[in-house]
Amino acid sequence: MHENTSLIKVKNLKKWFAIRTGFFTSLISAKQFFVRAVDDVSFDIKKGEIFGLAGESGSGKTTTGRLLLRLVEPTEGKIIFEDRDITSIGEKEFKPFRRRMQIVFQDPYESLNARMTIQSIIEEPLVIQGLVGEDMAGRVQKALEDVQLTPPEEFLFRYPHELSGGQRQRVAMARALILSPEFIVADEPVSMLDVSIRAEILNLLVDLRNKYGTSFLYITHDLALARHICDRLAVMYLGKIVEMSNVDQVMLEPLHPYTNALISAVPVPDPTSKRVEVVIKGEIPSPINPPSGCRFHTRCPLYIGEICRTKEPPLVEVKKGHYVACHLHVK
Amino acid sequence: MVLLDVKNLKTYYYTLRGYVKAVDDVTFAVESGKATGLAGESGCGKTTVASSILRVLSTGGRIVGGQILYKNIDLVKLDEEEMREKIRWKEMSIVFQGAMNALNPVYRVSDQIVEAITLHEPDVSKKEALERAKKLFELVGIEPSRVDNYPHEFSGGMRQRAMIAMALSSNPSVLFADEPATALDVIVAAQVLKLLKTLKEKLNLGMVLITHDLSIIAELCEYCVIMYAGKIAEYGDTVTIFKSPLHPYTIGLIGTFPSINAKERMRMVSIPGSPPDLLNPPQGCRFHPRCKYALEICRKEEPKYLEVDKGHFVACHLATKT
């Protein structure tokens, strides 16, 4: 199923959001502050792969997802789709690429226009891409069948408010699928849904990958779900990737203390198991003034001294395909 | 020791389209020093149970039957005045869902805690109340000097801790926590849950934890109530519920929680369908349209809520037949 060719490659991607200062502050000091939402991130997503991006809120995972689709313009770095550098090509040139990459947003209660019917929501991408007339009704029906909203006729003329949360998220997925994209960003697609239907959406995602070989960037804060969905997983902390490997490696033999802490913070649905608690102190620092050196050193339980505070650890490959950015593992 | 005994509680919401049977015949108990988890999907009535007990139902909500026995007083019979003066905060208190929004942004946190104390205990002076607020902050793990901050100066986790401090301000015996970890990040959530656990042990609190996340119940609670569509599907001690569940809904719900410790990747399990409309719940067992084991009897007759084993209650025809 996996071809080993990468579909999308990201190199040293950065996004710094400038902070607006008031008029008087700008008189006193000309210094410009930035929120370093994504700070030097590199990875690649292979064809037919579900690549997970995990982290706490504020770690920059959503911004990374949006950068890949150029919904946010990157400050620095490169995004390469197949062999084409799409980082700075113009909107007109980029439009054909939009057909090949789509997104499913987090909240299906907000991402669907309440005043449009399901049919017009799903066919809108076709309209925008100028594919009107090419058997539009048939394609809409097929997209609905793909997301298991059957029979399609029953849904075509309904409005979003008539559907449940899970059904809405399926509509959002059908909208993303109708252009048969090769790459879909799924930004926390189940965090707003009830536990009993979460699995349906995630299984659907896996099925679509198996059926069409679509690549996914799956953004999540729920590691227990990522464990069972993703092929590879990257863990982000304050705009940087701290660890990246295939999902079994990251979950069973985490190397970075932060990954370890994240995993041990997830409650286990078994009252008899006693988990090893590595509760780390405090909360994620502000990305405006990230800590020097290793960004995790202020909370790290395995702080080894001076070097963590002063030198930023690079992301290096310690085992085959297992990358980690921590001084403990870099000689 | 049983602190709170809820018997056959029924709470309906009156709407223009009829009444919504949000809580329909719910029976369970809360013991001191023990936590009881209320679990279920959204709309199953778990929050309504808590607001019925504290009598803070939103408009249209009414307790139409049953008893809420707290230290042998039936709370259903008390009027609003008595509830406020005797029960709320002094005996039971609640940490609401989304604590970040439950604090008033324009008042200092200290003022808000002091207000809660002086409102329920009029003979306490403001100065004493402030001292108490500082002690409470220490108890929940916030630097006491920060009581005078405004809510926006706190992080999400600190606000949640401040809300817990406020709920504990008049030494209640029962604490309700409504989705205490939902809006928080994994690590912060783990810290807050650990805090709740230590507080429960230290203050011998009877705790009611309302959550949709069964893994939190597995970690924190001694007893577990699984609710579905306003009714209790299964109730018992947590180990029994997780290790030998009897109700198909409980089995399904446990199955939807993948374990992070799994050695291999698994396909996720779901419960197809969605919860019923409580304006006209289905005939018979309310779960039958989604139940894969449903029999003829399930469509017609409502299953009784029976004790199948000591302290293990279940409402399912299949489980209680033999």
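Okay, let's start at one residue, B:Leu209. Skip its neighbours within four places in sequence, and B:Leu209 is in contact with B:Ala35, B:Gly37, B:Leu38, B:Ala177, B:Ile216, B:Ile217, B:Leu220 and B:Cys221. Before I go on, please keep in mind that this is a predicted model.

So where does B:Leu209 belong? It is one of the residues with the most contacts inside the largest nonpolar core, which has 190 residues. Also on that list are B:Phe176 and B:Ile226 from chain B, and A:Ala174, A:Leu217, A:Val235 and A:Ile241 from chain A. Helix H7 of chain B gives the most to this core, with eight residues. Domain 1 and domain 2 of chain B both give residues to the core, so the core lies between them.

Domain 1 of chain B is written in two pieces, 2-91 and 172-265, while domain 2 covers 104-170. Their C-alpha centres are 25 Å apart. Where they meet, twelve residues of domain 1 are in contact with twelve residues of domain 2. Which helix gives the most to the domain 1 side? That's H7 of chain B again, residues 186-203, with four residues. That side of domain 1 divides into nine nonpolar residues, one polar and two charged.

Next up is helix H5 of chain B, residues 126-140. With 15 residues at 1.5 Å a residue, H5 should span 21 Å, and its end C-alpha atoms are 21 Å apart, so the two agree. The buried residues in H5(B) are B:Ala129, B:Arg132, B:Ala133, B:Lys134, B:Leu136, B:Phe137 and B:Val140. What do the buried residues of H5(B) pack against? They pack against three helices of chain B: H4 (109-120), H6 (156-167) and H7.

A quick stop at B:Ile63, which sits in strand E4 of chain B, residues 61-70. Is B:Ile63 buried or partly exposed? It counts as partly exposed, because it has 19 C-beta neighbours inside 10 Å and the cut-off for buried is 20 or more. Not counting residues up to four places away in sequence, B:Ile63 touches B:Leu9, B:Lys10, B:Thr11, B:Ser52 and B:Val76. B:Gly43 is 20 residues from B:Ile63 along the chain, and their C-alpha atoms are separated by 17 Å.

Over to chain A, which has twelve helices and twelve strands. Its radius of gyration is 21 Å, close to the 20 Å the globule rule gives for 331 residues, so chain A is as compact as a globular protein of that length. Along its principal axes, the C-alpha trace spans about 65 × 60 × 40 Å. Of the 331 residues, 47% count as buried. If you take contacts in chain A between residues at least 6 apart in sequence, 67% of them join residues at least 24 apart.

Last thing, the contact between the chains. It takes 33 residues from chain A and 38 from chain B. On the chain A side, helices H8 (195-212), H9 (223-229) and H11 (257-265) each supply at least two residues. H8(A) gives the most there, with eight residues. The chain A side divides into 19 nonpolar, seven polar and seven charged residues.

Conventions. Residues numbered from 1 in each chain as written. Chains lettered and ligands numbered in written order. Predicted model: local features only at pLDDT ≥ 70, side-chain atom pairs only at ≥ 80, totals over all residues. Domains from an automatic or database assignment. Contact = placed C-beta atoms within 7 Å. Nonpolar A, V, L, I, M, F, W, Y, C, P; charged D, E, K, R; others polar. Expected span 1.5 Å × (residues − 1). Buried ≥ 20, exposed ≤ 12 C-beta atoms within 10 Å, placed from the backbone. Rg over C-alpha atoms; globule rule 2.2 N^0.38 Å. Core = buried A, V, L, I, M, F, W, Y, C linked by C-beta atoms within 7 Å.
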